[in-house]
Amino acid sequence: MNKKMKNRLLVFVGATLLVTGFFAFKEKNDKLFALAKNIDIFATLVRELDSYYVDDVDPDELVTIGINAMLEELDPYTEYIPEEESADFRMLTTGEYAGIGALIGGRGEGNIIIMPYTGFPAQNSGLKIADQLLLVDTVDVTKKSTSDVSDLLKGPANTPVYLKVKRDQDTLEFNLMRKKIFLKNVPYYGKLDDKTGYIKLSDFTTNASNEVRNALVDLKSQGIEKLVFDLRDNPGGLVNEAIEIVNLFIPKGKEVVKTIGKLENVNFTYKTTKTPVDKDIPMVVLINERSASASEIVAGSLQDYDRAVLIGRKSFGKGLVQTTIPLTYNAQMKVTTAKYYIPSGRCIQAIDYAQSRENGEIVSVPDSLRKEFKTSNGRIVLDGAGIEPDEEVESKRYAPITYSLVARNHVFDFATEYFYRHPSISDPRSFKISNQDYDEFVAWLDGKEYDYTTYLEKSMDELKENAEKAPYYDEIKDQIEALEKRVHHSKEQDLVTYADEVRKVISEEIVSRYYFQEGMVEASLNDDSDVKAAVEVLNAPSKVTQILTASSK
């Protein structure tokens, strides 16, 4: 190339860079101007509303509503956290707060103790499930909201709090000392049989990985050779805890997840950094439609490395990273900054959050648009719809009568009365109410309201509604009415037909009175179809190998 051509090329390149830079600079300036203009419009609008609107307006409330409406247009996870909600947000992310250590809830015209957490002031002082709160210090709380009562119970660690409660016909007083409360991430672990361990992980707050590690080490010392790791109903949490948990089962130096976003500082590859506790133990991970975020990172990574068999139902599909950004006046914003990508390269996000949604409906990515990826062994996995199990198990569907008895608190109340009539019961795994107990429950229901509509009755109502629109309805009216009478349910008969499942929920509720949250989890394992399927798979090593091996098709 001669000198003249070189000079022309340099001039062309320089001009191109200058034009590109100009338009980039102009685009950035235009965007900054648009932001400043709209912020000014918003501030002016609020100020003028406050001046001219016919009624008084609350600027805090008005602006908060405006901010929330704006963020809802982006995705379901970007949210504004005002100063007064910061403590609750901290508890959700860390699992830590100072209080009495009990879950409370509204019941009738007051609030009751739903569950005292084991080892904390509420349980240690003798507070029981179903105790109704009357006074917190000098404040009458009988007509206060659950959130207001919860705020009164919380406070600095090592400060006293006085409670007056109603228990059945008695009024009791308690003087407690608030303590720093750390909610357990592993509410229960134990052995399903001589060789199979079970760990339930309910959250990913601070210390989750240490709790799982300690449970695993303890179970191994008890001689387990197989493991069921339960991530069902786990909403996720801290990503670093997910990395550490995966590291318990796979070697050091392996990629677990990548975060990729618009800004360079949110792009990161997370790898295992430690020697695993056990990289060979055969294991099943249980997931369902409420397993989300960090749960999906753990389950998906173990699936991508063919390290575990996944059993259950398709996970929720939350593959978005949130970063908490401080705002003025101690407010915060939790904003989506990146997406999660697990080792096979797939993103676990199942919702097209950028697409407009009518009537609030969530739009899922159709199968035709999903991409194929491969696990370490060459098994095909798809993106765009959460994590799909290797073996699917249908979810348990309870009868309408069972839902009604639980929703109307009849199971809860009967369990409370049972607790005060029986000083002790057997261990959670073996306890079941007797036939006599069940007959007492049926008699106890006499005169109580628990009506409901069966699935068949709902279908019958739809059939009748459509039939009435037909021109020949008069000709089939008698047959429709006769069929309607035949499908009309009998509550008394349903208590016989569905006795097994009603007995199960009553037994589990009773167990909670004696063994609290840990006992409820243990008792629920007795007739758990997912757990049964997991044990069956683990008891057939050849099936595990078959599942984790790529198909020859």
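## From the surface to a buried strand

Reply: Asp 58 counts as partly exposed because its relative accessibility is 40%. Please keep in mind that this is a predicted model. You will find Asp 58 in the loop between α1 (3-52) and α2 (59-72). Together with Asp 60, Glu 61, Glu 83, Glu 84 and Glu 85, Asp 58 forms a negative surface patch.

From here, let's turn to strand β16 and its surroundings. β16 belongs to an open sheet of six strands with mixed pairing, and the order across that sheet is β10-β11-β12-β15-β16-β21. At the edges stand β10 (188-191) and β21 (391-392); each has a single partner strand, so one side of each is left without a neighbour in the sheet.

β16 itself covers residues 309-312, and its pairing with β21 is parallel, over two bridges.

Ser 293 sits in the loop between β15 and α8. Its phi is near 55°, a positive value in a residue other than glycine. Ser 293 counts as buried because its relative accessibility is 7%. Asp 306 is found in the following stretch of interest, the loop between α8 and β16. Asp 306 is not a glycine either, yet it has a positive phi of about 55°. With a relative accessibility of 9%, Asp 306 therefore counts as buried.

Which residue forms a salt bridge with Asp 306? The partner is Arg 379, and the closest N and O atoms are 2.7 Å apart. This pair links distant parts of the chain, since Arg 379 lies in the loop between β19 and β20 (380-382) while Asp 306 lies in the loop between α8 and β16, 73 residues apart. Arg 379 and Asp 306 are both buried.

Asp 304 has a salt bridge too: its side chain meets that of Arg 346, at 2.7 Å from N to O. Again distant parts of the chain are linked, with Asp 304 in helix α8 (residues 294-304) and Arg 346 in the loop between β18 (332-341) and β19 (372-374), 42 residues apart. Both Asp 304 and Arg 346 are buried.

A search of the whole structure finds 24 salt bridges. One of the pairs elsewhere is Glu 508 with Lys 504, whose closest N and O atoms are 2.6 Å apart. Glu 508 and Lys 504 are four residues apart in helix α15 (residues 499-524), so about one helical turn separates them. Glu 508 counts as buried because its relative accessibility is 16%, and Lys 504 is buried because its relative accessible area is 16%. Salt bridges that share partners also join Lys 200, Asp 230, Arg 232, Asp 233, Glu 289, Arg 290, Arg 313, Asp 528 and Asp 530 into one network.

Two more places are worth a visit. The buried residues of helix α9 (residues 400-407) are Pro 400, Ile 401, Thr 402, Ser 404 and Leu 405, and just after α9, Asn 409 takes a positive phi of about 70°. The other place is the hairpin formed by β7 and β8, with two residues between the strands; Asp 168 in the turn has a positive phi of about 60°. Here β7 (residues 160-167) and β8 (residues 170-177) run antiparallel and are joined by eight bridges, and Lys 164 has Glu 173 in β8 as its bridge partner.

Terms used: Residues are numbered from 1 along each chain as its sequence is written. This is a predicted model: local features need pLDDT of at least 70, side-chain atom pairs count only at pLDDT 80 or more; totals for chains, interfaces and linings use all residues. Side-chain values use heavy atoms; hydrogens and water are left out. Patches are made of residues with over 30% relative accessible area and no salt bridge: like charges are joined within 9 Å, nonpolar side chains (Val, Leu, Ile, Met, Phe, Trp, Tyr) within 5 Å. Accessible areas come from the Shrake-Rupley method with a 1.4 Å probe; for residues, only the protein chains shown count as cover. A salt bridge is a side-chain nitrogen of Lys or Arg within 4 Å of a carboxyl oxygen of Asp or Glu. Lys and Arg count as positive and Asp and Glu as negative; His and the chain ends are not counted. The place of a charge is taken as NZ of Lys, CZ of Arg, CG of Asp or CD of Glu. Buried means under 20% relative accessible area, exposed over 50%, partly exposed in between (1.4 Å probe, protein chains only). Two strands pair if DSSP finds at least two bridges between them.
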